[in-house]
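Biologist: I'd like to learn how to read a structure like this one. Could you walk me through it, starting with how helices pack?

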Amino acid sequence: MAEHPTTPGPDEPVRPEDSGGRHRVYEGCHRQYDGRHQAIAGPEGLSVWVTAQSSGPVQRRGRYLPESVKHPARMLPAIAAHAVHAYTQPGDLVLDPMCGIGTTLVEAVHAGRDAIGVEYESRWSDIADANVTHAQHQGATGRGAVIRGDSTRILSLVPAALAGQVALVVTSPPYGPTVHGLVRPGADGVAKFDNAYNDGTDRGNLAYRDLTGLADGFAQILAGCYTLLRPGGVVVVTARPWRKHGQLVDLPSAVIGAGIRAGLTPVDRCVALLAAVRGGHLVARPSFFQLQQVRRACTAGTPMHLIAHEDVLVFAKTQKSASSAEPKCSRCESGCPEGTSCHADTGVQGNSGRRSG
Ligand SMILES: C[S@@+](CC[C@H](N)C(=O)[O-])C[C@H]1O[C@@H](n2cnc3c(N)ncnc32)[C@H](O)[C@@H]1O
């Protein structure tokens with residue numbers, strides 16, 4: 001599997017002239033809080049979360065333990081914070097079933113929410129645990145807990161009393177087995193490090209499955225989350241396509257399919273910026289390898305653009321129809337095949353990413 005082109009982990013500073021062009025951003029903010037994040041309504045109702053006004057390292061500095069940087073695909077803290085503020089109230093319970101170094105948990109407890117996370121790799125769950133403790137030492141008022149385990153069996157990992165209690169799930173599936181991690185100059189050019197979840201031999205980590213296996217495992221995880229969610233509870237998944245043999249692999253549509261199979265209703269599709277907005281224009285922060293990939297493609301005559309955002313796929317736990325326990329697509333009556341756009345009744349068009357209502 002090819003490397004994902006846009007891992008947030010590296011966060012290398014980049015000159016504006018390297019940003020792959022400056023793009024006009026929609027005017028008209030409709031939501032702002034904390035003085036840090038805002039969502040911008042686009043002309044078609046698309047919500048844009050302005051989540052990268054500062055870089056990942058700046059967002060994490062002092063708030064996360066330094067060893068957090070070793071995780072190869074961390075979520076930008078502002079994305080998790082935005083979701084927590086947008087979809088929960090203080091005292092609510094937030095869950096991340098694939099919590100990595102605990103970004104969702106840290107942002108939740110700082111916002112006065114309680115948080116529980118599950119992570120497959122002990123290496124990352126230990127850091128998540130330490131990050132939550134660090135947040136509490138800094139005055140975070142929420143309670144947090146981290147469990148090491150396989151979230152495809154999440155109902156056997158968390159206390160049964162949590163069923164129906166979770167207000168919000170914020171999570172992000174792995175984008176394939178190799179990610180960019182960090183780079184440093186070496187004798188033979190630029191070398192990567194901290195660019196893997198584990199040694200690659202353990203398929204329990206969904207990062208080491210193909211797209212179908214990843215989507216199946218993720219659907220299992222979301223089905224467990226469905227049971228843990230309270231009625232009306234929300235699931236926020238961030239995802240990006242990755243490139244394989246030059247072609248984009250459509251992870252966001254696979255995530256939508258997984259959510260529907262788990263019984264969730266897709267209710268929105270937003271954009272979380274990985275680029276800063278300066279004077280109404282986007283200023284991207286691509287990694288070294290992203291830039292290299294785009295430049296090589298352009299040199300070879302293949303037009304390729306930097307990806308400067310995460311897709312944010314929003315689901316809700318709505319009432320299932322009494323006639324069926326299985327999630328059904330009301331257009332095709334047989335369940336949407338993974339990766340298709342048969343989501344007309346929810347107002348979400350699976351492949352275009354635009355909310356129709
Ligand atoms: C994209 S990363 C999430 C990063 C996280 N949002 C953060 O900011 O640190 C996906 C995580 O899912 C974990 N993972 C993979 N398979 C898992 C499973 N079956 N159960 C629980 N966690 C899993 C990976 O080890 C990885 O840390």
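Modeller: Happy to. Begin with the residues that touch: Pro77, Ala80, Ala81 and Val84 in α2 meet Thr103, Thr104, Glu107 and Ala108 in α3. By class, this contact of α2 with α3 has five nonpolar, two polar and one charged residues. Do keep in mind that this is a predicted model.

Biologist: How do I describe the way two helices lie against each other?

Modeller: Two packed helices are described by the angle between their axes and the distance between the axes. For helix α2 (residues 77–87) and α3, the axes come within 9 Å and cross at roughly 50 degrees. That angle makes α2 oblique to α3. The crossing is right-handed.

Biologist: And at what angle do α3 and α4 pack?

Modeller: Helix α3 (residues 103–110) packs on helix α4 (residues 122–137) at about 15 degrees, and their axes are 9 Å apart. Angles under 35 degrees count as roughly parallel, so α3 is roughly parallel to α4. The crossing of this pair is right-handed.

Biologist: Which residues of α3 and α4 meet there?

Modeller: From α3 come Leu105, Val106, Val109 and His110, and from α4 come Ala128, Asn131, Val132, Ala135 and Gln136. Sorted by class, the residues of this contact are six nonpolar, three polar and no charged.

Biologist: Let me try the next pair. What should I note for α5 and α6?

Modeller: Helix α5 (residues 211–228) and helix α6 (residues 251–261) have axes that come within 8 Å and cross at roughly 40 degrees. The two are therefore oblique to each other, and α5 passes α6 in a right-handed crossing. On the α5 side, Leu211, Ala215, Phe218, Ala219 and Leu222 make the contact; on the α6 side, Ala254, Val255, Gly257, Ala258, Gly259 and Arg261 do. This contact has eight nonpolar, two polar and one charged residues.

Biologist: How many residues of α6 are buried?

Modeller: Burial is read by counting neighbours: a residue with 20 or more other C-beta atoms within 10 Å of its own is buried. In α6, 11 of the 11 residues are buried, so this helix is largely enclosed by the rest of the structure. Among them are Leu251, Ile256 and Ile260. What do they pack against? The partners are α5, β10 (229–239), β11 (242–244), β12 (247–249), β13 (265–273) and β16 (309–316). Just after α6, glycine 263 takes a positive phi of about 100 degrees.

Biologist: Is threonine 171 buried or exposed?

Modeller: Threonine 171, in strand β7 (residues 166–171), is buried, with 27 other C-beta atoms within 10 Å. Beyond its neighbours within four places in sequence, threonine 171 is in contact with Asp96, Pro97, Met98 and Val237. The C-alpha atoms of threonine 171 and aspartate 96 are 75 residues apart along the chain but separated by 5.2 Å.

Biologist: What would a contrasting case look like?

Modeller: Take threonine 141, in the loop between α4 and β6 (144–148). Threonine 141 is partly exposed, with 14 other C-beta atoms within 10 Å. Its C-alpha atom is 6.0 Å from that of valine 109, 32 residues away along the chain.

Biologist: Which residues are closest to the ligand?

Modeller: The closest are Met75, Met98, Gly100, Thr103 and Tyr120, out of 24 residues that surround the ligand. The shell divides into 12 nonpolar, eight polar and four charged residues.

Biologist: And the whole protein?

Modeller: The protein has seven helices and 16 strands. Of its 357 residues, 50% count as buried. Among contacts with a separation of 6 or more, 72% join residues 24 or more positions apart.

Terms used:
Residues are numbered from 1 along each chain as its sequence is written. This is a predicted model: local features need pLDDT of at least 70, side-chain atom pairs count only at pLDDT 80 or more; totals for chains, interfaces and linings use all residues. Axes are lines fitted to C-alpha atoms, for helices over the stretch in contact, and angles run from 0 to 180 degrees between N-to-C directions. Helices (H or I, at least four residues) and strands (E, at least two) are DSSP runs, numbered from the N terminus. Angles under 35 degrees count as roughly parallel, over 145 as roughly antiparallel, 65 to 115 as roughly perpendicular and the rest as oblique. A crossing is left-handed if the near helix is turned anticlockwise from the far one by less than a right angle, and right-handed if clockwise. Two residues are in contact if their C-beta atoms, placed from the backbone, lie within 7 Å. Ala, Val, Leu, Ile, Met, Phe, Trp, Tyr, Cys and Pro count as nonpolar, Asp, Glu, Lys and Arg as charged, and the others, Gly among them, as polar. A residue is near a molecule or strand if its C-beta atom, placed from the backbone, lies within 6 Å of it. A residue is buried if 20 or more other C-beta atoms lie within 10 Å of its own, exposed if 12 or fewer, and partly exposed in between; C-beta atoms are placed from the backbone.
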